[in-house]
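Subject: Handover of a structure

Dear colleague,

Please find below the structure that I am handing over to you. My notes on what was found in it follow directly after.

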Amino acid sequence: MLKQFKLDEALRSLDAVQLAKVSGRLVRMSGMLLESIGCQRVTGQRCYIEQADGSLLDAQVVGFNRDITYLMPFKKPLGLSSSSRVFPARDDAALQIDESWLGRVLNGLGEPMDERGKLGGRDALTTELPKVSPLKRQPVTEPLDVGVRAINGLLTLGKGQRVGLFAGSGVGKSVLLGMITRQTKADVVVVGLIGERGREVQEFIQHSLGPEGLRKAVVVVAPANESPLMRLKAAELCHSIAAYFRDQGHDVLLLVDSLTRYAMAQREIALALGEPPATKGYPPSVFGMLPELVESAGNGEGATGSLSALYTVLAEGDDHQDPIVDCARAILDGHIVLSRKLADVGHYPAIDVAASVSRCMSQITDRKHLNAARQFKEYASLYDGIRELIPLGGYTPGMDPGTDRAVKLAPNIERFLRQDVGASAELKACIETLQSIVR
């Protein structure tokens, strides 16, 4: 009887034995896009592709056409050939996260890059973008002190606000981002370095974060030489990490450099799949993914914790009507424009306060502060309009009281808007200085 029981158990265990290993094969490779047949997977699932040296290349299903499955690898494909075998990957367990992630540097797949051992945690981290019901999202009610005088005084940001830094190349986006990183009072800082120069990664960690800042930060890195899919995954992962710490009750600052590189990565994938280009070469899917990414940031449903997000947006050729710039301006809660004209004369940070706006400022500041900021901008605009005429003798005092006052206040306005990279300016002190200038 006992022997019969053991025999039945052994026979039943054979049902779980995989008698054959299912695989497909590559039939075409075009750039980073791979085509395979025989390995049926749904979009978003992952596959392994056998390379010439026997190693496996990790890829994701991004589309299909009849029996052909389109794959995009996470890393540069090497040693592939026609009929290379494609294996379906087992559904991986979700990433596990907790406070032990603070101080770590990882890639878009959640793999550590800092040679400090494997990442672990007690809570499951979804790889999908977090979603918050618009009817349950907590409003922006408290100011966020970013330590930059021009922003604190004239473009006050709030906890949970999503803002863009708009500028052309070489105007100081990364420098200003570093200033905000060091000065902002936040419990957790999540940094996404997406599609930028690899040289800037170590510089940002050492100079912008520093040892103190790194201890409360998680850095997700996908430099420009990574595959477009890895850049997409890195941008989405840093939003998931930031949302996790927000839901734990922390005040989180999310920095993404840059939103434009995220759009460019999606453009590469969409064009490779045959999606027709629309505006300036960007396919329609790009303008659908940007709002989805941005809406995953911001405050959550809980009364505690906040998620403030800052995105750099590259205005190619200083064109502020660029489609990505225009789209970002419409979906963000404010934009800070950096001027090349100011940067060329050594005015740093090169913030064009007249072209910038914080859409949440009226909700988080009092009437006296709002009036002082409005008057300051008015005087700054009047002086800017007459600045070039003064050396030529084109300005006559006494003709217009407003212009006379703007010229008189010009040195104080200039000092207020300039700030050294290492200097800090607290929110309360900024408001008091602003009010004393226009009083």
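One definition is needed at the outset: a pocket is an open set of grid points with protein on both sides within 12 Å along at least five of seven lines, and its lining residues have an atom within 4 Å of a point. Please also bear in mind that this is a predicted model.

The domain assignment divides the chain into domain 1 (20-88), domain 2 (96-362) and domain 3 (369-438). Taken over C-alpha atoms, the centres of domain 1 and domain 3 are 61 Å apart.

Strand 4 has the largest share, with six residues. Sorted by class, the lining of the largest pocket has 23 nonpolar, 14 charged and 11 polar residues.

Strands of a sheet pair through backbone hydrogen bonds, either parallel or antiparallel. Here, eight strands form an open sheet with mixed pairing, in the order 8-14-13-15-16-12-17-18. Strand 8 (104-106) and strand 18 (357-358) are the edge strands, each pairing on one side only. Helix 5 (residues 228-247) packs on the sheet and touches strand 8, strand 13 (188-194), strand 14 (217-222), strand 15 and strand 16. The direction of helix 5 makes about 165 degrees with that of strand 14.

Within the sheet, strand 15 (residues 251-257) and strand 16 (residues 306-314) are parallel partners, paired over six bridges. Leu255 stands opposite Leu310 of strand 16.

Two cavities

How many cavities of 30 Å³ or more are there? The count comes to two.

The largest cavity has about 60 Å³ of space. Among the residues that line it are Leu144, Val146, Leu253, Ser308 and Leu310. Strand 16 gives the most to this lining, namely three residues. The lining of the largest cavity has eight nonpolar and two polar residues, and no charged ones.

The second largest cavity has about 40 Å³ of space. Its lining includes Leu144, Lys159, Lys185, Asp251, Leu253 and Ser308. Strand 15 and strand 16 each supply at least two of the lining residues, and strand 15 has the largest share, with three. By class, the lining of the second largest cavity has four nonpolar, three polar and three charged residues.

Backbone details

Asp257 and Ser258 are joined by a cis peptide bond, with omega about 10 degrees; Ser258 is found in the loop between strand 15 and helix 6. The peptide bond from Tyr348 to Pro349 is also cis, with omega near -10 degrees, and Pro349 has its place in the loop between helix 9 (340-344) and strand 18. Finally, Arg66 has a positive phi of about 55 degrees although it is not a glycine. Arg66 lies in the loop between strand 4 and strand 5 (68-73).

With kind regards

Definitions and conventions
Residues are numbered from 1 along each chain as its sequence is written. This is a predicted model: local features need pLDDT of at least 70, side-chain atom pairs count only at pLDDT 80 or more; totals for chains, interfaces and linings use all residues. Side-chain values use heavy atoms; hydrogens and water are left out. Two strands pair if DSSP finds at least two bridges between them. Helices (H or I, at least four residues) and strands (E, at least two) are DSSP runs, numbered from the N terminus. Contact means heavy atoms within 4.5 Å. Axes are lines fitted to C-alpha atoms, for helices over the stretch in contact, and angles run from 0 to 180 degrees between N-to-C directions. Domain bounds come from an automatic or database domain assignment. Ala, Val, Leu, Ile, Met, Phe, Trp, Tyr, Cys and Pro count as nonpolar, Asp, Glu, Lys and Arg as charged, and the others, Gly among them, as polar. On a 1 Å grid over the protein atoms alone, a cavity is a set of points where a 1.4 Å probe fits but cannot get out, and a pocket is an open set with protein on both sides within 12 Å along at least five of seven lines; lining residues have an atom within 4 Å of a point. Grid points are joined across faces, edges and corners, and a volume is the space filled by probe spheres set on the points.
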